[in-house]
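Hi everyone, thanks for coming.

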Amino acid sequence: MEFAQAAQPVPAPDEVLIKVDAFSPNRGETFLLETPEPGLLPGKDVAGLIVQAAADGSGPPAGSRVVGHPPMGGWAEYAAVPTHSIAVMPGGLTTVQAAALPLAGITALRLLRAAGAVTGRRVLLTGASGGVGHYLTELAAAAGAEVTAVTATAERGARLRELGAAAIVHDVDETDGSFDVVLESTGGNVLPAALARLAPAGLLVWFGQASRTPATVNFFDLLAGPQNAVIRHFHYAGPPYGPDLATLVRLAAGGRLHPEIGRTTDWSQTADVLVDLRERRIRGKAVLTIGTSR
């Protein structure tokens, strides 16, 4: 990765121009850098100040503090973001906190919707120590779910317990009983192990493959496992993102959602942060600041 000077983006009529105060890279974005496409400008999670309102009259006016989820180009001093993908930041929420919300928070919200009503249900969450996992744990527990979180270390498990997890395990094989819902993001041999923990007619939502190892599911193992289990593929993407961003900032400002930020540092440290994200050395989210972020 190298830094380069790029032209300031020119927003489309339905886009605002944001002076970025903070941005948050995601682990998945680091894999795009292995074989980058020409003209790749990464970055999907930003917070800052609108310096140019949308020409079509949609969205907030210039001078508004907002969080945004652009399709690309967020790792920069300025970002053009569609007005359907921003939300005004309420007072009491910092730009660092807001920048940690978009991709991981939207994913968590939409995963819970995909899971259906979770009140009183047992939920197994794999790969729980990343940004999505922290949000999912807190949101699901607040909705009345009994959450078992799978995480690699005791330290990370302690924080998930504080956010509402009923149980912390370091391997799916350590879980007790069956689960109504499994939220699975690891892949490899974890997926079939988690699938085997489903209750009859239970739901497994598969939303990632963080191990980068393909999963193999044996039909005959399923015959001996939960009857009528459902495996659902999930991908978070699909605008508009603004309503979900508005929900996230409202919950965070009200103290009902706590962004887990494992590292906050200056944007000049971006390369080091990307390496540490990729190698799982950062708990939760990392946020890079430009200038003096509030």
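**Around helix H5**

Let's start with what covers the buried residues of H5, which includes H4, strand S7 (146-150) and strand S8 (167-169). Quick note: this is a predicted model, where local features need pLDDT of at least 70, side-chain atom pairs count only at pLDDT 80 or more, and totals for chains, interfaces and linings use all residues. Residues are numbered from 1 along each chain as its sequence is written, and side-chain values use heavy atoms, with hydrogens and water left out.

Helices (H or I, at least four residues) and strands (E, at least two) are DSSP runs, numbered from the N terminus.

So which residues of H5 are buried? In H5 (residues 154-162), they're Arg156, Gly157, Arg159 and Leu160, where buried means under 20% relative accessible area, exposed over 50%, and partly exposed in between (1.4 Å probe, protein chains only). Looking down the axis of H5, the buried residues fall within an arc of 160°, so they line one face of the helix; that arc is taken over the directions from the helix axis to the C-beta atoms. Over on the other side of H5, Ala154, Glu155 and Glu162 are exposed. After H5 comes Gly164, with a positive phi near 125°.

Now over to H4, where we find His134. His134 is buried, at a relative accessible area of 1%. Setting aside neighbours within four places in sequence, His134 has contacts that include Arg159, Leu160 and Glu260, contact meaning heavy atoms within 4.5 Å.
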